[in-house]
Amino acid sequence: MFDRILSIVLAAFFLMNAHSVITTGSCYVIYGHYFDFGGLKNIVGVAFGIFGILLLLYGILGDIIGRKEEKPNLPEFTVCPKCKESFWGNDTPDLKCKKCGHNLEEMNGYYKRHPENGHQPSG
Ligand SMILES: [Zn+2]
């Protein structure tokens with residue numbers, strides 16, 4: 001989280017400096033000191049600009065990628081041990097039965113864990 005905020009702050013810093021370097025040939029460094037890039041101002045300014053845009057993209061896209069990674073792994077199918085209703089895992093992200101509100105269990109291995117509920121074909 002902090003990395004992405006930092007990258008956006010740095011992006012703003014580089015983009016402001018890119019503008020300053022291209023327009024004035026120098027950029028503000030610290031405590032009123034300006035660094036003069038002279039004849040290199042266009043190259044340095046464009047490099048700062050590209051670096052700033054890359055940091056900005058990382059800051060924005062990193063946030064989207066991060067959110068995807070935070071999504072919990074849902075079982076493919078779920079089943080309610082109380083009313084025996086079964087659901088697609090994606091339909092029940094809170095793992096609560098839509099019919100009765102009971103906690104759902106993963107369908108995979110359900111009848112092995114609860115053989116008393118099993119209705120597997122005999123033979
Ligand atoms: Zn239920």
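These are legends for a set of close-up views of the structure above.

The model is predicted, so to speak of a local feature takes pLDDT of at least 70 and side-chain atom pairs count only at pLDDT 80 or more, while totals for chains, interfaces and linings use all residues. Residues are numbered from 1 along each chain as its sequence is written.

View 1. Helices (H or I, at least four residues) and strands (E, at least two) are DSSP runs, numbered from the N terminus. Of the 123 residues, 13% count as buried. That label needs 20 or more other C-beta atoms within 10 Å of a residue's own; exposed takes 12 or fewer, partly exposed is in between, and C-beta atoms are placed from the backbone. Two residues are in contact if their C-beta atoms, placed from the backbone, lie within 7 Å. Take the contacts between residues at least 6 apart in sequence, and 40% of them join residues at least 24 apart.

**View 2. Eight residues make up the largest nonpolar core.** A nonpolar core here is a set of buried Ala, Val, Leu, Ile, Met, Phe, Trp, Tyr and Cys residues joined through C-beta atoms within 7 Å. The members are Ala11, Phe14, Ala18, Val21, Cys27, Val44, Phe48 and Leu55. Helices α1 (2–24) and α2 (41–70) each put in at least two residues, and α1 gives the most, with four.

**View 3. Valine 21 sits in helix α1.** Valine 21 counts as buried because 26 C-beta neighbours lie inside 10 Å. Skip the neighbours within four places in sequence, and valine 21 is in contact with Ser26, Cys27, Phe37, Lys41, Val44, Gly45 and Phe48. Look for valine 46 too: valine 21 and valine 46 are 25 residues apart in sequence, yet 8.8 Å apart in space, C-alpha to C-alpha.

**View 4. Asparagine 17 is also found in helix α1.** Asparagine 17 is buried because 21 other C-beta atoms lie within 10 Å. Not counting residues up to four places away in sequence, asparagine 17 touches Cys27 and Phe48. Glycine 45 is 28 residues from asparagine 17 in sequence, but the C-alpha to C-alpha distance is 7.4 Å.

**View 5. Three strands form an open sheet, in the order β4-β3-β5.** The pairing is antiparallel, and β4 (86–88) and β5 (105–106) are the edge strands, each pairing on one side only. Two strands pair if DSSP finds at least two bridges between them. Strand β3 (residues 77–79) is joined to β4 by three bridges. For one of the partners, find phenylalanine 77 and look across to tryptophan 88 in β4. As background, strands of a sheet pair through backbone hydrogen bonds, either parallel or antiparallel.

**View 6. Lysine 84 has a positive phi in the loop between β3 and β4.** The phi value of lysine 84 is near 65 degrees, and this is a residue other than glycine. Lysine 84 is exposed because it has 12 other C-beta atoms within 10 Å.

**View 7. Leucine 95 has a positive phi in the loop between β4 and β5.** Here phi is near 55 degrees, again in a residue other than glycine. Leucine 95 counts as partly exposed because it has 16 other C-beta atoms within 10 Å.
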